[in-house]
Amino acid sequence: MTLVQLSRTRPVAAGSGAVHVAAAGELVDPQARRVQYLRLSLTDRCNYRCTYCMPEAGVEHRPRAELLTLEELGLLVRAFAAWGVERVRLTGGEPTMRQGLVDLVADLSDIRGARGRLRVVMTTNGSRLRELAGPLRAAGLAGLTVSIDSLRADRFAAITRRGELSEVLAGLDAAAVAGFVGVKINTVAVRGFNDDELGALALWAWERGHVPRFIEVMPMSGGRLFVPGELLPASEIRARVAEAAGAPLLADAGEGVRGLGPASYWRVSAGPHAGRLVGVIAAMTENFCASCNRLRVSATGQLHNCLARDDTGDLRSALRPHDPGLLAARVRAVLGHKQAGHEFHRDGRGGPNKAMISIGG
Ligand code: SAM
Ligand code: SF4
């Protein structure tokens with residue numbers, strides 16, 4: 001096992017070409033990529049059944065007693081922050097279904113780590129934002145991503161199998177009132193379903209000050225939910241957005257725009273929408289693994305090196321009871337096996353057996 005344990009400050013090359021400096025005790029993987037970003041699943045439950053995420057019959061849920069408690073989540077995130085993690089994304093399942101979410105956000109937003117105050121953000125289907133946006137903002141939530149695959153109510157209901165678009169739009173209004181700006185809108189691009197709407201989605205998002213982001217569909221769940229013909233490559237996604245914007249898109253390398261996540265950002269080059277940004281998450285056709293800076297923890301406390309692989313390590317037993325030394329050893333042992341990248345193939349082979357709902361996108 002290659003375990004990179006740093007005894008002094010040294011530069012680490014990130015895939016984007018940027019050089020990040022890792023300090024003693026920070027988490028660095030065998031490819032010399034520093035871990036900056038933790039994606040934390042709060043629940044394996046969801047009130048929707050998106051076709052690409054979850055089988056219609058649902059998935060087997062872990063008993064509630066197996067979920068990390070709010071206190072355990074706080075201990076875990078404090079440890080990661082001390083090891084240099086700068087951002088935590090709360091996800092699921094649907095994170096707003098988790099009892100105590102607002103208290104958890106308040107607790108985590110208070111954390112000062114090795115790199116300063118932790119930034120806590122969340123990805124949600126938006127169905128409960130109408131009542132939660134205000135309290136979450138007041139608790140310190142720094143950013144929101146809301147998933148919307150269609151602006152047509154019938155299509156939205158069809159892809160989520162039980163969602164109501166009007167609820168989500170009301171949630172976005174509440175988020176604006178609460179003071180969230182630059183909300184990211186995640187849209188999974190599915191050929192034959194919403195490919196005729198991508199331009200309209202981008203224009204709609206820009207008009208409201210949101211940042212549209214389009215995601216290539218990935219073959220999770222052993223490829224069982226993946227339909228190869230539905231994959232819309234990033235190049236086509238950009239072409240559709242450029243057509244709607246009336247001008248070419250240029251790659252945007254601006255610091256602070258790209259963020260810490262997997263999206264590449266593109267800017268409209270001219271015309272009435274000049275300067276507008278669109279994000280593309282293209283795991284299938286524009287591999288971004290070289291700049292991976294992420295780890296994931298499931299709601300039951302399993303540490304995952306990669307969305308696209310099934311290897312995990314148990315952290316819950318190091319939190320219940322809390323054993324800081326064991327926790328550190330487990331995290332570093334798992335990280336020591338992090339591979340260079342995923343093995344997704346465009347025909348649906350190579351993905352993990354786990355379902356997206358069990359770990360969060
Ligand atoms: N429930 C929340 C939501 O939908 O935003 C958070 C969890 S969801 C798993 C996170 C993101 O993953 C969503 O934007 C969703 O659209 C995306 N996603 C789910 N399954 C996917 C798949 N097979 N390929 C690409 N993106 C997927
Ligand atoms: Fe639920 Fe999000 Fe998965 Fe849709 S994508 S089923 S909203 S977890």
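Buried means under 20% relative accessible area, exposed means over 50%, and partly exposed lies in between. This is a predicted model. At 47% relative accessibility, E343 therefore counts as partly exposed.

**Salt bridges**

The structure holds 21 salt bridges.

| Pair | Closest N to O distance |
|---|---|
| R320 and E72 | 2.7 Å |
| D252 and R267 | 2.3 Å |

R320 forms a salt bridge with E72. R320 sits in the loop between β16 (312-314) and α8 (324-335), and E72 in helix α1 (residues 70-82), so the pair ties together parts 248 residues apart in sequence. R320 is partly exposed at 35% relative accessibility. E72 is buried at 8%.

D252 pairs with R267. The two residues link strand β11 (residues 249-252) to strand β12 (residues 264-268), 15 residues apart. D252 is buried, at 14% relative accessibility. R267, at 28%, is partly exposed.

R309 lies in the loop between β15 (302-304) and β16, E343 in the segment after α8; they are 34 residues apart. R309 is buried, with a relative accessible area of 15%.

Elsewhere, salt bridges that share partners join E26, R34, E86 and R115 into one network.

**Nonpolar core**

The largest nonpolar core has 106 residues. L40, L76, F80, L90 and I148 touch the most other members. Leaving out residues up to four places away in sequence, the contacts of I148 include F156, L165, L172, N186 and W204.

Methods
Residues are numbered from 1 along each chain as its sequence is written. Chains are lettered from A and ligands numbered from 1 in the order in which they are written. This is a predicted model: local features need pLDDT of at least 70, side-chain atom pairs count only at pLDDT 80 or more; totals for chains, interfaces and linings use all residues. Side-chain values use heavy atoms; hydrogens and water are left out. A nonpolar core is a set of buried Ala, Val, Leu, Ile, Met, Phe, Trp, Tyr and Cys residues joined through side-chain atoms within 4.5 Å. Buried means under 20% relative accessible area, exposed over 50%, partly exposed in between (1.4 Å probe, protein chains only). Contact means heavy atoms within 4.5 Å. A salt bridge is a side-chain nitrogen of Lys or Arg within 4 Å of a carboxyl oxygen of Asp or Glu. Helices (H or I, at least four residues) and strands (E, at least two) are DSSP runs, numbered from the N terminus.
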